[in-house]
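Hi,

Here is the structure I promised to pass on.

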Amino acid sequence: MPIARRLSSRPSTRPSTPSQHLLQPEVDTEKPLWSKTPLLRSEKMSDRLGCDVYLKLENLQPPLSFKYRGISLFAQRALDGHGPNVHLISASSGNTGLALAYSCKRLGIKCTIFLPEGACRIVPLPEREGAKVVVGGKEYVDALGAARKALENEKHAVMIPSYDDPIIWEGHVSMVHEIKRQLPPGERPAAIFCAVGGGGLLGGIMQGCTEVGWPDVNIVGCETVGSNCFHRTMVANSSFASEKGKIPLIPASLANGVTLQKEGSVKIASLDKLDSRAASLGATAPSARVVSTILKRGRVCCMSVPDPLSMEACALFAEEHKMLVELACGTVLVPAYNPALYHTILAYHPTLENDPETRRPLVFIVCGGAKISVKEIEEYDTIAEKEARSHQFAFIDRIKTEW
Amino acid sequence: MPSTPSSHLWFQTSLIYSSQISARLGCQVYLKLETLQPSQSFKYRGISLFAQNAIALHGRETHLVAASGGNAGLAVAYAARHLNVKCTIFIPEAAKSVKPVLEREKAVVVVGGEAYVDALREAEKLVASSPDAVMVPAYDDPLLWRGHSTMITELTSQLPANTPPPSAILCSVGGGGLLGGLLTGVNSLGWRDTTVVALETEGSNCFHQSMLQNDRFCAVAQRPALPDGVTVRSEEEGVRLVTLPRIMSRAASLGASSPSAGVVKMALEWRNVRCVTVRDEMSMGAGLLFLEEHKMLIELACSTTLVPAYSKPLFDAILPPASGQDPSKRTVVFIVCGGVKISLHEIEEYEKLVHADTKGSEALIDGQRWVHPVGL
């Protein structure tokens with residue numbers, strides 16, 4: 001499927017933006033900046049799981065992650081609303097900042113990213129795209145404070161939300177429209193697997209499914225056991241995964257270590273601490289908007305896996321598909337490398353057709369991410385070799401499963 | 001699942017803009033990701049087309065046969081599986097490790113002797129003795145080149161609208177199948193000003209050496225002496241080809257002792273061809289940098305194409321901008337041909353070898369030695 005075409009003859013109605021001295025591709029600022037990424041059928045995963053498995057390769061977006069969709073749309077809207085002097089600001093330790101830098105460079109607008117000290121490693125990347133990077137403070141909250149200050153002091157400054165914004169979702173929604181066009185005609189997935197940090201991607205997928213007429217497509221939200229605020233939030237709400245007339249149980253591992261708060265009609269769980277190396281999933285609490293919408297929609301499965309399984313998935317994906325993805329992304333692929341886990345998910349969600357005759361395809365969102373190197377993959381490989389087999393367990397909805 | 005003759009099996013692969021390489025080289029650089037083909041290399045294009053054609057001619061009992069050390073065999077196996085026909089791949093002893101990979105694709109695999117020529121002989125024996133058996137060539141067939149050429153024709157809808165044809169397209173050369181596809185493609189599109197850059201490694205550059213033996217490419221006065229053991233012969237229409245006595249490069253997938261005569265002929269007729277030979281270590285280095293920047297593992301045969309992407313001085317030596325032309329406006333496409341012969345294990349090995357490499361950057365460009373300028 002071709003990368004997004006551009007209209008060649010329609011004149012632009014947007015005021016021309018100053019061109020950057022840095023080299024960049026010719027850009028039509030009125031069309032989406034993101035790439036239509038491939039939907040690749042994985043032969044090996046299909047063989048392993050016994051149905052057609054497709055991978056949506058968001059790691060092929062220019063800034064290496066799906067975030068480019070929502071963030072670039074937000075940036076375009078900000079330019080529309082505020083004019084060429086708009087200044088976009090973000091406090092992000094990673095992929096959000098990088099996606100913003102890429103967007104601003106292509107739109108020819110100013111961009112500043114505030115990072116905490118610990119995030120230094122990703123610094124060269126946004127700067128190469130022309131973003132100003134300000135490093136300060138130890139934690140994310142310090143960087144956020146500095147960003148907010150900049151926001152107050154500048155007339156044209158606009159803060160990029162990390163995940164909890166309808167425009168961000170709207171950008172991510174485009175992914176589902178593409179998937180629908182890319183699947184063989186008339187086919188709709190049995191399930192879409194995606195990683196969940198704060199829930200931005202999940203929100204976009206959910207809205208996308210609604211827009212393309214896929215209310216029965218299951219969404220499997222994948223997290224790690226040490227960073228699963230969404231999973232813990234869902235099980236804290238009695239309407240989720242409960243049988244009629246029965247009081248839903250919450251396993252202790254999912255109930256402990258959180259603080260519950262009511263936001264509107266839903267309970268939100270805040271993790272007391274994050275205990276996973278999948279840093280990009282690192283949200284202490286999910287978006288209330290996403291949670292309440294998904295509770296109403298239903299057809300969602302929550303999956304939490306231990307880090308060693310995510311690490312193993314990253315290493316295996318590198319060997320099989322020759323691509324490096326972050327740990328957060330490897331998390332989504334754990335069921336693709338553990339058929340027993342996948343079949344347990346099927347058993348708890350029988351709507352994921354189990355009949356070989358009518359078996360619908362699965363789609364895994366390979367969200368990507370820039371925070372990965374071959375050194376890390378080698379490290380994950382070593383850890384997985386030692387620990388994956390003794391960590392063959394996962395939480396699915398309200399139960400713990402082992403294999 | 002059966003496929004109709006009108007539908008092709010290959011994937012229209014992504015053409016991505018590389019921000020990093022563009023910044024480094026000072027022009028618009030795009031990467032054609034053939035790694036995304038079902039069998040993970042460009043070979044699937046021509047080979048699947050050949051397979052479909054064979055079945056159209058011989059029927060559903062067609063038995064596809066190939067001799068291959070890797071990626072070609074894998075492409076045949078994938079095609080056979082998708083077209084629901086029998087398939088036997090003969091591999092040399094040296095490529096034994098690829099046997100389980102091929103068998104997983106339901107191919108019958110036979111280890112046919114020590115070297116590729118032995119495997120090829122065994123394959124030919126089977127084809128001679130079996131009426132349904134059809135040999136799938138690895139690189140030397142116009143139908144293969146026609147299939148591979150689709151990677152070029154796809155560019156017309158993938159490059160930004162209103163851009164002129166690419167200034168240059170770079171690819172690796174083993175036996176010349178990919179190059180044959182590239183040349184067939186640019187010919188069919190009439191991109192006469194596009195420079196085709198053919199890259200090989202030292203110890204496996206039969207194409208470069210063959211071109212140097214032809215007057216149309218290299219005058220006799222400039223022609224280097226043939227290295228020890230290398231022989232030259234004349235093919236039809238006066239095309240001269242060399243035969244290398246052995247392959248001395250780790251880029252195994254480039255390991256052909258002689259290139260396709262048809263491809264050499266096309267290259268001589270195209271005229272706008274640059275031949276480049278680089279050392280293995282430079283190819284490894286490029287592969288490691290590509291991995292870091294683009295998060296993709298590519299085998300040596302593939303990273304060979306990217307050596308100029310990681311050395312502006314080399315790139316400028318191969319493709320000096322024309323006078324009066326704004327170099328930053330040039331569009332350059334690198335064919336990331338793919339291939340499965342790379343793993344984390346090899347990456348670790350290459351890291352050590354590159355680290356220990358004391359030789360500077362040097363290359364052969366159209367028979368002339370190029371050395372990285374000191375102090376840059």
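Let me start inside chain A: its domain 1 and domain 2 bury about 640 Å² between them, with carbon and sulfur atoms giving 54% of that. Three residues on the domain 1 side, A:Pro63, A:Ala370 and A:Lys371, supply 69% of the area that this domain buries against domain 2, more than any other three residues. Before you read too much into any of this, remember that the model is predicted.

In case you want to colour the domains, domain 1 of chain A takes in 39–63 + 165–397, and domain 2 covers 87–155. Their centres, taken over C-alpha atoms, are 27 Å apart. Nine residues of domain 1 of chain A touch nine residues of domain 2 of chain A. What holds for charges across that contact? On the domain 1 side, the touching residues are four nonpolar, two polar and three charged.

Now the other chain. Chain B splits into domain 1 (15–41 + 143–371) and domain 2 (63–131). The contact between them draws eight residues from domain 1 of chain B and six from domain 2 of chain B. For the centres of these two domains, again over C-alpha atoms, the separation is 27 Å. About 530 Å² is buried between them, 58% of it from carbon and sulfur atoms. In domain 1 of chain B, the residues that lose the most area to domain 2 are B:Ser39, B:Val340 and B:Lys341, which together make up 65% of what that side buries. The salt bridge count between the domains of chain B is zero, while four residue pairs are in polar contact across the interface. The domain 1 side of chain B has two nonpolar, four polar and two charged residues at this contact.

Next, the two chains together. How much area do chain B and chain A bury between them? The figure is about 3400 Å², and 56% of it is on carbon and sulfur atoms. On the chain B side 39 residues make contact, and they meet 40 residues of chain A. Three salt bridges cross this interface. If you want one to look up, the side chains of A:Lys375 and B:Glu351 form a salt bridge at 3.6 Å, N to O. There are also 11 residue pairs in polar contact between the chains. Elements giving two or more residues to the chain B side include strand S1 (15–17), helix H1 (19–25), helix H11 (280–294) and helix H14 (344–356) of chain B. H14(B) gives the largest share, four residues. By class, the chain B side divides into 18 nonpolar, 14 polar and seven charged residues.

One last stop, some strands in chain B. Strand S11 (residues 273–278) and strand S13 (residues 362–365) of chain B pair antiparallel over three bridges, with B:Val278 standing opposite B:Ala363 in S13(B). S13(B) also runs antiparallel to strand S14 (residues 368–371) of chain B, joined by four bridges; here B:Ile365 stands opposite B:Gln368 in S14(B). S13(B) and S14(B) make a hairpin with two residues between them, and B:Asp366 in the turn has a positive phi of about 50°.

Cheers

Definitions and conventions:
Residues are numbered from 1 along each chain as its sequence is written. Chains are lettered from A and ligands numbered from 1 in the order in which they are written. This is a predicted model: local features need pLDDT of at least 70, side-chain atom pairs count only at pLDDT 80 or more; totals for chains, interfaces and linings use all residues. Side-chain values use heavy atoms; hydrogens and water are left out. Domain bounds come from an automatic or database domain assignment. Contact means heavy atoms within 4.5 Å. Buried area is the accessible area (1.4 Å probe) that two parts lose on being put together, summed over both. A salt bridge is a side-chain nitrogen of Lys or Arg within 4 Å of a carboxyl oxygen of Asp or Glu. A polar contact is a pair of N or O atoms within 3.5 Å; within protein, one must be able to donate a hydrogen and the other to accept it, and residues adjacent in sequence count only if both atoms are side-chain atoms. Ala, Val, Leu, Ile, Met, Phe, Trp, Tyr, Cys and Pro count as nonpolar, Asp, Glu, Lys and Arg as charged, and the others, Gly among them, as polar. Two strands pair if DSSP finds at least two bridges between them.
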